Amino acid sequence: RLDGVKHVNEILKLLGAEDADRITREVGVTDAVLGKTLESSRFTFEDLTQLSAKDFRHLFSSMPDEHLWARALKAIDQGQRKAMLSKLPVKRAGVIAGAMAELKTTRLDSIDKARRQILGRALQLAARHEIRFAGNGLH
């Protein structure tokens, strides 16, 4: 099944934050629902794998709740999970892995909520130019 919004957002990400925001606003003028959909789904939790180790550690230190991270990483592709955890100190990654092992079952809405919280924080840090993400770099 083709997902046009996903494909458009992949193209918008390549253009950079400024152009992507401008185009999204222009789309929103003629189709408010589509504009909102493009804006709210442009970045996903999985995009955090693109963070540098330094930026990922900064994100983690801004919200060091191992259980939150364990829920967010619970149902992610194993390769992506490994990519994220490898950016943390071994001890910290081990604590998160332990917390994940303790989670026997996790509701999808709990996983989604945790991912939205973490992604939201990443976008905030990027908007303040504290990390390189979502087309924003450090000053």
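**View 1. Arginine 107, an exposed residue between two helices.** Arginine 107 counts as exposed because its relative accessibility is 62%, where exposed means over 50% relative accessible area, buried means under 20%, and partly exposed lies in between, as found with a 1.4 Å probe and protein chains only. Arginine 107 sits in the loop that joins α7 (90–102) to α8 (108–127), helices being DSSP runs of H or I with at least four residues, and strands runs of E with at least two, numbered from the N terminus. From the C-alpha atom of arginine 107 to that of arginine 71, which is 36 residues away along the chain, the separation is 9.1 Å. The model shown here is predicted, so that local features need pLDDT of at least 70 and side-chain atom pairs count only at pLDDT 80 or more, while totals for chains, interfaces and linings use all residues. Residues are numbered from 1 along each chain as its sequence is written, and side-chain values use heavy atoms, with hydrogens and water left out.

**View 2. The protein as a whole, as a setting for the close-ups.** The protein has 8 helices and 0 strands, and its pattern along the sequence reads α-α-α-α-α-α-α-α. The C-alpha trace spans about 50 × 40 × 20 Å along its principal axes. Of the 139 residues, 32% are buried. Among contacts with a separation of 6 or more, 69% are made by residues 24 or more positions apart, a contact being heavy atoms within 4.5 Å.

View 3. A pair of aromatic rings is described by the distance of the centres and the angle of the planes. The protein has 3 aromatic pairs, under the rule that rings of Phe, Tyr and Trp (its six-membered ring) pair if their centres lie within 6.5 Å, with planes under 30 degrees apart counted as stacked, over 60 as edge-to-face and the rest as tilted. The pair of phenylalanine 43 and phenylalanine 133 is tilted, because the ring centres are 5.4 Å apart and the planes stand at 50 degrees. Phenylalanine 43 belongs to the loop between α3 (32–41) and α4 (53–62), and phenylalanine 133 to the segment after α8, so the pair ties together parts that are 90 residues apart in sequence. Phenylalanine 43 and phenylalanine 133 are both buried.

View 4. Phenylalanine 60 and tryptophan 69 make a tilted aromatic pair, with 5.4 Å from centre to centre and 50 degrees between the planes. Phenylalanine 60 counts as buried because its relative accessibility is 4%, and tryptophan 69 counts as buried at 0%. Together, Phe56, Phe60 and Trp69 form one aromatic cluster.

**View 5. Histidine 129, a residue with a positive phi.** Most residues other than glycine have a negative phi. Histidine 129, although not a glycine, has a positive phi of about 60 degrees. Histidine 129 is placed in the segment after α8, and with a relative accessible area of 27% it is partly exposed.

**View 6. Threonine 24, a buried residue in a helix.** Threonine 24 lies in helix α2 (residues 17–30), and its relative accessible area of 6% makes it buried. When its neighbours within four places in sequence are left aside, threonine 24 is in contact with Leu12, Gly35, Leu38, Glu39 and Arg42.
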